[in-house]
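This report describes one protein chain, going from its overall make-up to a single residue. Keep the sequence and the 3D view at hand while reading.

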Amino acid sequence: MSSSKSDQAKEPVTRRLLFWVSLLYFSEGLPLGVFYDLFPVNLRQAGVSPSDIGLLSLLGLAWTVKFLWAPLVDAWRGHRLWIAGANWGMALVLSLLAWQPQALAQGATWPWMLLAAFTMLSATNDIATDGYTIEILSKGQLGVANGLRIGFYRVGMLAAGALLVVAGWSGTPEQPNWSAAYGLGAVLMLFNGLLILSAPPQPPRPARDPSSTFSEWAVLREQPLWLVALGLVMLGLLWPVLGPLGKTFGWASVQAVSGTWWFKGAVPVGLMFVGASLMVRAARGPQAQALVEGPVFGAWVELLSRPGMLAVLLFILTFKLGDAAMGFMVKPFWVDAGFTPAQIGLVSVNVGLGLSIAGGLVGGWYVDRVGIFQGLWVLGIAQALSNLGYTAAAWYVPVAAPGEQVSIHYQIAVYTASGLESFTGGLGTGAFMAFLMGITSKARATTEYAILSSIFAFSRAVAGWAGGLGVEHMGYAAFFFLTFWLSFPSYFLLPAVRRMLERPEVR
């Protein structure tokens with residue numbers, strides 16, 4: 001036994017799976033940071049209007065509907081090549097933007113096409129990375145792996161923020177050097193793509209019949225309920241596009257209702273639930289088994305035909321509901337309390353990054369020690385308690401007058417709430433991601449995880465929109481207190497979660 005441990009200790013770091021998990025999720029977080037930090041600042045510096053910059057968020061729908069092409073990645077295998085190719089494609093996009101960064105200011109169309117390609121490549125990178133990680137890890141490794149995943153994902157996003165610093169340092173305040181920022185980003189992604197080719201190969205899997213795709217569509221023609229259900233799910237996912245499009249194109253009828261609670265939340269959630277219910281019904285129909293081996297709908301059938309799956313989908317939608325609803329309103333609260341951008345960046349971003357990494361690692365260690373189920377409900381409670389910290393801070397700290405300095409007592413209150421929220425957010429996320437990976441069959445890891453993570457991304461977006469309405473009508477303190485209670489409806493679904501986790505692991 002001691003000899004085995006000694007051999008493992010001498011093993012080169014590039015042969016250890018957790019090293020590759022860290023690298024993979026750094027390369028997954030970096031593009032998201034570039035999209036949310038670098039692109040909007042560059043566009044505004046180039047003179048692009050805020051309304052046009054708002055349309056940039058529509059390109060982010062690629063991450064929401066990525067399950068549509070996840071079966072392609074799963075069927076063609078070679079996830080390391082998909083990851084490398086996606087990174088090289090994103091490097092090419094950044095290189096072209098570095099070559100002519102002024103094209104954004106000139107209103108050219110091709111830079112926007114490049115930004116769209118960037119989001120598609122980033123979503124593909126996510127699909128392949130998640131599928132590869134699930135396939136090479138066992139359930140006993142998911143806790144620590146997800147702790148590293150959370151930490152290095154955030155490091156990747158922070159690296160994207162560092163590209164902004166490069167643009168400023170190598171240029172002037174009036175004219176940042178965007179070529180340097182995009183060029184360095186391209187080098188990072190090129191290096192990531194080269195390095196990932198040395199990762200361990202995926203476990204072998206029996207090849208599927210290439211003709212199965214045509215057979216699947218032949219069966220679908222006899223089961224139109226599947227297509228109706230998928231159409232409703234897609235309509236729910238894409239519903240958020242209507243608001244920004246209505247504002248851009250002057251659709252008066254859409255603008256009149258786009259700010260209402262039912263338009264932002266009830267309609268898309270309702271469409272998703274009706275579509276999911278129809279899918280569950282179709283997955284349990286007499287002809288559903290004919291689709292199980294299909295490359296596109298096979299993963300949907302396998303997931304939705306499991307006993308208790310609808311309850312598990314509800315759990316995915318609601319477990320982080322309180323955290324997500326409050327999260328989008330934290331930064332506006334800081335601003336209204338009188339904090340400067342430098343203070344927000346130092347504590348909320350930099351210190352918060354370190355605490356969330358620590359929380360992810362501690363949460364991962366705890367999940368591996370006690371199991372995913374116990375980790376979920378214990379760390380979920382810890383995650384919910386942090387909302388009470390912000391509730392107390394919002395009750396204690398008043399709205400600042402313009403130009404008013406924030407007193408040291410108020411700073412301590414908000415900094416404490418922020419630190420608690422960052423640390424416990426890492427705890428809860430580590431357990432939740434381990435849960436999603438733990439219920440995913442390794443035989444269809446890529447497609448199934450893309451479906452589950454898309455559902456979670458949808459709930460996070462809807463909760464963010466609802467958060468804005470909640471603060472407007474209730475104020476920060478009352479709304480933050482409400483988000484604490486939003487964390488607990490999911491606990492009624494824990495019996496279904498336990499049964500799903502106790503299923504035999506499928507390879």
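## Nonpolar cores

A nonpolar core is a set of buried Ala, Val, Leu, Ile, Met, Phe, Trp, Tyr and Cys residues joined through side-chain atoms within 4.5 Å. Buried here means under 20% relative accessible area. The model is predicted.

The largest nonpolar core holds 107 residues. Those with the most contacts inside this core are Val34, Phe39, Leu94, Trp226, Trp300, Ile316 and Phe435. Helix 2, residues 17-45, gives the most to the core, with 12 residues. Another core lies apart from it and has 21 residues, including Val397, Val471, Tyr476 and Phe479.

Which residues does Val34 touch, not counting those up to four places away in sequence? They are Phe39, Leu94, Phe118, Ala160, Leu163 and Met189.

## The chain as a whole

The protein chain has 23 helices and 0 strands. Of its 507 residues, 52% count as buried. The accessible surface of the chain comes to about 22,100 Å², and 69% of this belongs to carbon and sulfur atoms.

Among contacts with a separation of 6 or more, 84% are between residues 24 or more positions apart.

## Val280

Val280 sits in helix 14, which covers residues 261-283. Is Val280 buried or exposed? Val280 counts as buried because its relative accessibility is 8%, and the cut-off for buried is under 20%.

Leaving aside neighbours within four places in sequence, Val280 is in contact with Leu304 and Leu310. Val280 and Leu304 are 24 residues apart in sequence, while their C-alpha atoms are 5.2 Å apart in space.

How values were computed
Residues are numbered from 1 along each chain as its sequence is written. This is a predicted model: local features need pLDDT of at least 70, side-chain atom pairs count only at pLDDT 80 or more; totals for chains, interfaces and linings use all residues. Side-chain values use heavy atoms; hydrogens and water are left out. Helices (H or I, at least four residues) and strands (E, at least two) are DSSP runs, numbered from the N terminus. Buried means under 20% relative accessible area, exposed over 50%, partly exposed in between (1.4 Å probe, protein chains only). Contact means heavy atoms within 4.5 Å. Accessible areas come from the Shrake-Rupley method with a 1.4 Å probe; for residues, only the protein chains shown count as cover.
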